[in-house]
Every structure is written in structure tokens, then in C-alpha cells.
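Please find my notes on this model below, as numbered points.

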Amino acid sequence: MKINQNDILDIIQNVGGKDNISLLTHCVTRLRFVLKDESLINEKALKENSLVKGCFSVKGQYQVIIGPGLVDQVYDLVLAETGAKEADSSELKDVEDKAMNPLQKALKLFSDVFYPILPAIVGAGLLLGISNILTNAGIFGKESLVVMYPAIAGLADMITMVANTAFTYIPVLVAWSAVKRFGGSPMLGVLLGLVLINGDLIPGSQMSSVISGAIEPQYWNIFGIDILKIGYQNSVLPALVAAWVLVILEKWLKKHLPNSVQLIFVAPIAIFVTSFLTFLFIGPAMNQVATWITDAIVFAFDKVPILAGFLFGILWEPLVVTGMHHAFIALNIQLVAATQQSYMLSIITITCVSEAGAVLAMSRLMKSKNQKGIAISAGTAALLGVTEPSMFGVTIAAKYPFICSILSSGVAGILIMIFKIYAVSLGPSGPLAFTIIPAQFWPQHYFCMALAFVLAFVSTLLIGKARQKKGLDVA
């Protein structure tokens, strides 16, 4: 797409001019300005810019939604025109920390730890989806593809093994990312994760057999203390807390030991003490917490499925707006690792389609060609799972489309629970979500998706037309 230089100059002018820009960076969809004085922003004029899909202020940054792909070009042009300083991660962290309350800081911590490992988790989920397609009967015939074509059985088996690895050995990923986030040595995090899944340990999945007596427990006896030799495969919280302890120890040792001996003593002391504390009480305690959380979610979706499906359906997009969805990313990673399924994830795959229905209905109601273009572009992005341009650029500002969207998601959530449709991993949302939904649920899942779109589209359109008849603005 060829970008009009006047649009670039217009963006700069309406954020207060180049002298008002302290720092500049961007993400997948947005320009992110750190401004000296946000009162100089002309938001009304900014929203009229043909490149801008919406704008909002959050965490000390003024974020201008451009859209995926195009934002990279716009960023380069704004940077070239203003000579603004590019913000690095530490500078952005300082800005965000100053603007956040304790809850927001805690949620950001979850985000900082779990976002870097999402590519591995999502990639594994997609491979698991391919494995399901190859091994499940009834998709391309009465028999599965591996039965019809035995030559691909080995390939399917290898794909399944690779996919399951990410979830089985997730403590390695979590420990690496957490140690890096807390300011420790990432390789010590990797070693800690490997310790927690060592082959000499009884797999965590066999803990119930140990308790029942079917498997004889094994212990380390250390100074008269019996410590169970249990692994933490498929676990998230033990690795997260253990990584935090590891970094505290590593920093303390580096502070108190002479530089000449740090290379020799810091790593072995930090990793052994952390491992000892983890097997002694951190692991068992955090596993119990994880069990309580997982059991509570499973209980809610099992005992009151209609209510749980509706509430999660209507709450997901407001959670995204507030940033609280970061905590649910960690929670769903734990849930999938422990149970191999999540109803929440299957509902999430549909909420973006509801948002797309609402914003595309707005494109029918809007008079301005620029507004129509923004709504269509935002609706297309929403169908692919990117809802920020839609929410912040169109539906939240007009209010009623956002309400129509979340209520439609709530109805879809009810149907998801009636059909008992679950996802097997984090992964794509919208029409591409079939890769993380078991094949036997595809017809029901796409029915729920279509219904969510139609409900959001029709309800938004009807309310908008009623407003037009009363002479009210639709946007």
C-alpha cells in the first residue's frame, strides 16, 4: 500500500508535534508514543486520518492503531520525519511501571513471562491439530487417514511426539522465560527446568498412583528428612516460583561473593539450593495451588456449564481491554498442560468473530468513506483474531456495538458448553481455529461461530438503524 506523506505529517501534528514526542515504538498493530504532554493531542482530528483505526492512552503511552503489516511502514516514516528516539524495552518498562498500579504490575509480570513462550505453545498446538486430523476417523472417511494410508502412520506419530513435548516439558520453557524476566541467567533457568523433569524422577502424572500405592514412592533422605522424588512435567507454577527463588539466590551470591570465585560457586550453589527447596516444599505447595485452580475451573465448567460459558463469553473482551487476560493465558497453559483441554480457549476462538460481526455491521451504518474503510479493515483483522483495532477504533467508542458483541459471545459460550466443545491448545482464533479444535467438534464449533457473527451483526445493525431514525449518531 502506498502511504500518503500528508497522512504521516497529520499524525505527527495531532499528537502534539515532533517536539512533544519523547519516545516512539510500535507493536503488531499500533504506534506507541510516549508524549511529554498528552493534553496537546487532537484525538478527533487524529481519528479522521485515513491510516488511523483508533487511538487510546494506556500505561503511560498513547497508542495509535494502524493495523498489522502497515504499522511497520508508518512507524519508519514517522521515525524518519520526526527523528524521535526509538524506545528500548527497559525504557518502556520504566514508563509502564510508573503508570501501573500493583494489580496491573502483577498482570504484566505474567505477560512478560508467558508471552515469549507462546510461539512454542501455539506451534505445538497447531501440530497437535494436524495430528488429530491424521489420526481421527470420520473426517475424510469412515477410517482415519493413518489407517487408509499406513505410510503416513510414522509421520503422524512423530508429529504427535513433537507436539506433546512442549506441554510435557513446559517447566523448561517457563523456567527459562521466568529467570530471564526476573533478571537472572537464562541458562540456569533451562537447567532448573530440566532438573524438574529429570528422568530419574517419578513423573508427576503418576502421583495419584503413588498415593494409591500402585507405584512405590522413592525418597531422598537428607538429614533425616524424606523428600519425595517426584517430577513436575506438565506443571507451570512450580517452575515459575522456583525460577524466582533461583534469581534471588543468584543475585545474592553475586553481591556477596568475590568476583574471582563467582564463576565457580554461583551456579552450583544457586541451582542446588533452589532444587532442594523446590523438591522440599515449593513444588508440592505450588502443585497444590495449581490443582486447586484447575479443579475450580473444571468444576465450574462441569457443574454450571451454561453459566460458566455465558460469563466467560461476555467477559473475555472486557478482560482484554483491561489487560487482565494476561493472567488467563498463564492459566490456560497450566490447564492444557494438566488436562489436555480447555473450554475457555474454545470460547475465546469465537469472541473475535462476534467482534467482527459488530464492526462490519457498523461499516454498513457509517456514512463517511474513511470510517467505512476503517470498520471493514478492523473487521477483517478481528476475523483473524486481532480485535484491538475493532474495539478501540469502533465498537467501544460507540458502546452499543461492543455490548452486542460481548452478549453474542455469551450466547456462543452457552452453546460451546451445551456441545462440550473444547480446544487442545492455545492457537489461532476465528475460522482458522479448527487446528486446535478436535475434528469431531468442527460442525458444532463453526455453527457457534456463525451464530455469534450473525447475532452481533444483526443486533448492531438493528440498533444502529433505530438510532438513525431518531436522528442520533451511530458511531
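1. A pocket here is an open set of points on a 1 Å grid over the protein atoms alone, where a 1.4 Å probe fits, with protein on both sides within 12 Å along at least five of seven lines; lining residues have an atom within 4 Å of a point. The model is predicted, and totals for linings use all residues, while local features need pLDDT of at least 70 and side-chain atom pairs pLDDT 80 or more. Residues are numbered from 1 along each chain, and side-chain values use heavy atoms, without hydrogens and water.

2. The second largest pocket has a volume of about 670 Å³. Among its 24 lining residues, Gly204, Met207, Ser235, Asn287 and Thr291 are the closest to the centre.

3. With eight residues, H13 gives the most to the lining of the second largest pocket. Helix H11 (207–212), H13 and helix H15 (325–339) each supply at least two lining residues. Helices are DSSP runs (H or I, at least four residues), numbered from the N terminus.

4. By class, the lining of the second largest pocket has 14 polar, nine nonpolar and one charged residues. Gly counts as polar in this scheme.

5. Phe265 is found in helix H13 (residues 259–303). Phe265 is partly exposed because its relative accessible area is 40%, the class between buried (under 20%) and exposed (over 50%), with a 1.4 Å probe and protein chains only.

6. Thr165 is in helix H8 (residues 153–168). Its relative accessible area is 31%, so Thr165 is partly exposed. Thr165 and Asn234 lie 69 residues apart in sequence and 9.6 Å apart in space, C-alpha to C-alpha.

How values were computed: Points joined across faces, edges and corners; volume = space filled by probe spheres on them.
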